[in-house]
Amino acid sequence: MLTQLGQDISLAAELLTAGELVAIPTETVYGLAANALDPDAVVKIFEVKNRPRFDPLIVHLVDFADAWKYAAAIPDWAQKLASRFMPGPLTIVLPKLGIIPDIVTSGLGTVALRVPSHSMTHELLSQLKFPLAAPSANPFGYVSPVTAQHVLDQLNEKIPYILDGGPASIGVESTIVGESNGKPVIMRYGGVSLEEIHGVIGEVDIMLSSSDPLAPGQLESHYAPKQKLFFDSDFFIDEYDLDSVRTIRFSTHLEGVPYEQQRILSPAGDLAEAARNLFSAMRELDGEESAIVIFAERFPDEGLGRAINDRLQRAAK
Ligand code: TXA
Ligand code: MG
């Protein structure tokens with residue numbers, strides 16, 4: 001199958017309506033989309049990504065006003081967060097209705113709903129008669145794609161079309177909020193910061209389970225490059241040949257390592273800019289021919305720094 005890359009929203013809509021997969025741009029990362037109401041289309045996502053069936057997918061809507069079609073209940077906290085952050089980098093997990101096939105939710109009684117803000121994908125969703133199930137458009141366990149080229153690099157000849165919407169403006173996945181014991185809980189750090197969530201619904205519990213097979217995005221080894229990566233462990237550097245050392249840093253260079261071997265994600269010290277550059281830096285370093293070892297520093301534990309640290313921690317091995 002030849003993979004085409006372009007900006008033809010009508011073609012993307014036609015393919016999706018015919019039960020095919022299309023990679024779509026979102027403000028967080030590129031998604032690999034299928035008709036969420038068609039189990040035969042959704043199963044292709046799992047095959048192309050090599051994704052275990054126990055890892056549920058996010059369902060993308062054109063407007064949160066449609067949530068009642070797919071969710072059995074919309075608690076007050078969810079409505080408040082949706083009003084403030086949707087469209088945007090937020091996913092809300094709610095009890096599901098039967099119209100959502102079991103393969104989408106891996107048999108769970110809940111469905112994850114998100115309203116992306118990217119204008120092309122918004123237009124695409126408004127042309128469709130169904131919502132889109134879409135995980136990040138990378139092979140399972142690997143770094144998420146933030147450009148159309150990243151998708152092509154890994155899914156070439158596996159899908160018919162990539163809708164090219166330019167580089168993702170946020171660069172890390174959506175923040176996931178669900179409910180536990182009647183209270184909202186953060187299940188994944190992402191593009192909406194903890195501070196922003198607090199600002200709308202007050203204190204929330206954090207449940208970033210690392211061993212729960214029901215949320216593999218939270219599995220300890222995920223977002224992982226092929227090269228070795230250390231997180232927050234610069235003291236191991238001396239054990240490696242200096243030529244092989246690379247760094248991922250926030251705003252400053254690490255002393256003793258040549259500048260050209262270092263990736264500074266935001267010289268100005270802006271965590272949003274750092275988040276936008278994170279996955280591209282990981283991919284670039286991973287593409288190096290020889291064996292290297294990547295030392296990523298811990299970013300400030302605030303704002304989007306929490307999502308960055310979470311991804312680096314899971315990429316470490
Ligand atoms: O920003 C994003 O969220 C991107 C773009 C494409 O929308 N999507 C994304 O999808 O990151 P994915 O599949 O890579 O990560 C989705 C995460 C997984 O960790 C999955 O376990 C969790 O969402 N998830 C999905 N449905 C769930 C549910 N019903 N309960 C708990 N977790 C769920
Ligand atoms: Mg993913």
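Before the helix pairs, a reminder to myself: axes are lines fitted to C-alpha atoms, for helices over the stretch in contact, and angles run from 0 to 180 degrees between N-to-C directions. I also keep in mind that this is a predicted model.

**Entry 1, helices α8 and α9.** I started with α8 (residues 271-286) and α9 (residues 305-315), which pack with their axes 9 Å apart at an angle of about 20°. Angles under 35 degrees count as roughly parallel, so I put α8 down as roughly parallel to α9. For the hand, I noted that α8 passes α9 in a left-handed crossing.

Next I looked up α1 (residues 9-17) against α5 (residues 119-127). Their axes are 9 Å apart, and the packing angle is about 50°. That angle is why I call α1 and α5 oblique to each other. Here α1 passes α5 in a right-handed crossing.

While on α3, I checked the loop between α3 and β5 (90-95), which is where Pro87 sits. The peptide bond joining Met86 and Pro87 is cis, with omega about 0°. I then went to the loop between α6 (148-155) and β8 (161-163), where I found Glu157. Phi of Glu157 is near 70°, a positive value in a residue other than glycine.

**Entry 5, the ligand site.** Which residues are closest to ligand 1? I got Thr28, Arg51, His60, Arg114 and Ser174, out of 26 residues that surround the ligand. By class, I counted 14 nonpolar, seven polar and five charged residues in that shell.

Ser174 has a side-chain N or O atom 2.5 Å from an oxygen atom of ligand 1. For Thr28, a polar side-chain atom lies 2.6 Å from a ligand oxygen. With His60, a side-chain N or O atom is 2.7 Å from an oxygen atom of ligand 1.

How much of ligand 1 does the protein cover? On its own, ligand 1 has 680 Å² of accessible area, and the protein covers 96% of that.

Last, I asked which elements give two or more residues to the shell around ligand 1. They are β4 (58-60), β6 (110-114) and β10 (183-188). The biggest contribution is from β6, with three residues.

Methods
Residues numbered from 1 in each chain as written. Chains lettered and ligands numbered in written order. Predicted model: local features only at pLDDT ≥ 70, side-chain atom pairs only at ≥ 80, totals over all residues. Heavy atoms only, no water. Near = heavy atom within 4 Å. Polar contact = N/O pair within 3.5 Å; in protein donor to acceptor, adjacent residues only side chain to side chain. Areas by Shrake-Rupley, 256 points an atom, 1.4 Å probe, with all protein chains shown as cover. Helix = DSSP H or I, 4+ residues; strand = E, 2+ residues; numbered from the N terminus. Nonpolar A, V, L, I, M, F, W, Y, C, P; charged D, E, K, R; others polar. Parallel < 35°, antiparallel > 145°, perpendicular 65-115°, else oblique. Left-handed = near helix turned anticlockwise from the far one by under 90°.
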